[in-house]
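Morning, everyone. Please look at the model on the screen while I talk.

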Amino acid sequence: MNLKYFSFFLVCSAVLHAESNSTLPSDFFAGALADATAFSDEAGKQRLIDVKSTALTPALAFGSSFKYINNPEKNSLISRKRDGSALDVSLTFTMGLGEYSLFDFAVCAPSLMLMHMRTYNDPNKDFGEEMEAYDVDVQIAGLSLPFVLPHDFTVTLGNTYVVPSQFRNGGNILSYSNTPSLTIARPIALPNGGVLALTSGFSYTFSEGDSPTELLSASEQILKQSGIYDSLLSSMLVNNPANLQNGFGHNLGLSYPMTINDQLTFTPTANYSKMYYDKGSNDGRRDTTYVLGVTASYNLFEWMSVTGLANYTSKETNGNLSPEFKDFVGGITFGFNHSF
Amino acid sequence: MPVAGISLSSLLFLFLFSFGCLKVNPVINHYSEATSLLKKGDQSLAQDRYNDAIASYKKALIHSRNLPHEADLIQKLKSRIKKTKAKSLVDHYQSIQEDNHSEKNRVLPATFETNEFKVLQSFGEIHLSRIWSSKKITELDGYIGMGRKVTLQQDSGLEIQSSHFLLRTIGPAGFSLDSNASVFITSGIYFISGGFNTRPPLFIEFPIGKTSIKSQGLFAFFLEITTNGGCKLIGLVGEPYLALQNQKIQLKPGELIFVMSDGFSRKMNIELSTFIATSHLMADFHEPPIFSSKMRQNTLIQAIRTKRHFRAMVGDAKNEKDFEIKILEDDQSKE
């Protein structure tokens, strides 16, 4: 996706009408009876609300986060860099595409998401300019079709298109990937009134990186003169095809949002994910990632929030191309949103 | 294969998802039910409880329709119904001669009551008057005739259905069943649904006016008679059109409107999830209301579409021009 056109689209989007969160917390009945005791009568409590007047509901969100990263290079070498930092800025446009009833028991609320995120590694320059090589732009386009089903289940069909690129290298695009996914979520009401959110998902990533021909193009003449071009190319076609990052993934997530008051919410989370690669030299590689985290989100205004986060990540793999590592990340995020 | 690795952690979800989809219907022995009701009817007839006897025989007839080889039983039941009606008629006129009661002179015995409205659910004290002799609805009563005036005491409930509409109410309430497509409501709260038959429209009369309801499809709404004699309507299912004098308005799920003496008030939106969860009309009956799954679907859609909650609740309309809004205190409301 061309950055110029993407930016133009984001600017155009800002003048449209929108809404940020179109998926439904399917536990919305929880607490309704408790809330209703004050004016309870036989007819039922008739509380006034304001509803959206249009089917299309756009929203715009801007966020910026500064994070401490214990293991910035994501490896387990003794000589690895430690105690790094990163600054993210992102602009996200979401568009609710209406709500549709299916038969008598399901509701589908499709939505579209476009995001542009830029990451500056080591903004404090603790490691000089070395970490700038990892600075990256990421453009994401996503289509989500959540189906709210009986018994509080939500099944979401989605597709995410991701394009990372190097903004310090003339916008060189690193790869493209399309990831269709199926996610099943269910909130579980606890006796103490809390809600435990359980999520499980499956996905398959179709990737497209530089082809071996493109990788060798810079030194094509020299290699041809040396007579090793053809053999090198055929070897790379087998071991490093353009779709090297293709793989099947699944994940299991658990979160427990604790509402302290109208403004403050603590959310401990635990996530397990596994990725099975199946192309080239990655064939047979299995990565397992465990993430334990907690966030504290404080809504200063309806349009602004501050979030503190802390995550511990552990990655295991049987492959040679990607190292195992452990990492701790802590930081703060400022978020601004507007629903049109 | 990766599929083997996901089975334990994730396929559990699919199992949980499919769990609960199975529904087992109980097996009914229609013959024993019919013969049991026949005996019960005979006992009621022997004690001159004609209404109970008729109700038992009619219920037995419903069961006997599932028994095509029991023509004798069907014939016996029909004969019993005729006999009971005849006996009740003789008894009725004998009692008129004895006490010369003026009201009784104008009505027929309840055993001759027609069956335009089927009683789906009932509980508590419910009185029927007009056209036929007065009676209380009991567990056995299956039908109410057109033209009846129905009065519900406190802590009672009734759900009836004609070929055109369904009405559910809890006491105290009072209404008259003018026809199988119109009702005159004098007091109480109601859940009314229709659209089973697109013609004719449903007519609802209340103390200060009359409105017609027409819909291309199925619909359901809540109705409450307000202190000023008008009514409050809340859309629950479908998008019916309401007509009053020269005005026409569409009522969508979650929309609330007052019908005043001079027409419709402005529309408001109320939170359906809270309303349905707190309404006795929904909770006090054994069976959920018709279209309950559709109502739940509409509450989901409304919850997705909700922008904000106001610290206010809609109240009564006590005069001809305006209605009450109650402000919620901080501790009674969540923004």
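Let's start with helix α3(B). It has 15 residues, which at 1.5 Å a residue should span 21 Å, and its end C-alpha atoms are 21 Å apart, so the two agree. The expected span here is 1.5 Å times one less than the number of residues. Helices are DSSP runs of H or I with at least four residues, strands are runs of E with at least two, and both are numbered from the N terminus.

Before I go on, some ground rules. This is a predicted model, where local features need pLDDT of at least 70, side-chain atom pairs count only at pLDDT 80 or more, and totals for chains, interfaces and linings use all residues. Residues are numbered from 1 along each chain as its sequence is written, while chains are lettered from A and ligands numbered from 1 in the order in which they are written.

Back to α3(B). Is it enclosed or open? Twelve of its 15 residues are buried, so the rest of the structure largely encloses it. Buried means 20 or more other C-beta atoms within 10 Å of a residue's own; exposed means 12 or fewer; partly exposed is in between; the C-beta atoms are placed from the backbone. Among the buried ones are Y50(B), I54(B), Y57(B) and H63(B).

Now the partner. Helix α2 (residues 30-46) of chain B and α3 (residues 50-64) have axes that come within 8 Å and cross at roughly 165°. Axes are lines fitted to C-alpha atoms, for helices over the stretch in contact, with angles from 0 to 180 degrees between N-to-C directions. α2(B) and α3(B) are therefore roughly antiparallel. That label needs an angle over 145 degrees; under 35 is roughly parallel, 65 to 115 roughly perpendicular, and the rest oblique.

Which residues make the contact? From α2(B) they include L37(B), L38(B) and L45(B), and from α3(B) they include A53(B), Y57(B) and A60(B). Contact means C-beta atoms, placed from the backbone, within 7 Å. The contact residues divide into seven nonpolar, six polar and four charged. Nonpolar covers Ala, Val, Leu, Ile, Met, Phe, Trp, Tyr, Cys and Pro; charged covers Asp, Glu, Lys and Arg; the others, Gly among them, are polar.

Next, α8(B), residues 292-305. This helix has 14 residues and reaches 20 Å from first C-alpha to last, close to the expected 20 Å. α8(B) is mostly covered, with twelve of its 14 residues buried. M295(B), L300(B) and I304(B) are among them.

Two single residues now. S156(B) sits in the loop between β5 (149-152) and β6 (157-161) of chain B. Why does S156(B) count as buried? Because it has 20 C-beta neighbours inside 10 Å. Beyond its neighbours within four places in sequence, S156(B) touches residues including F123(B), I126(B) and I170(B). Its C-alpha is 9.7 Å from that of F285(B), 129 residues apart along the chain.

H92(B) lies in helix α4 (residues 71-99) of chain B. H92(B) has 19 C-beta neighbours inside 10 Å, so it counts as partly exposed. H92(B) and P109(B) are 17 residues apart in sequence, with C-alpha atoms 6.3 Å apart.

Last, the whole chains. Chain B has eight helices and 19 strands, and 41% of its 335 residues are buried. Chain A has five helices and 17 strands, and 18% of its 340 residues count as buried. Thanks, that's my tour.

Notes
Two residues are in contact if their C-beta atoms, placed from the backbone, lie within 7 Å.
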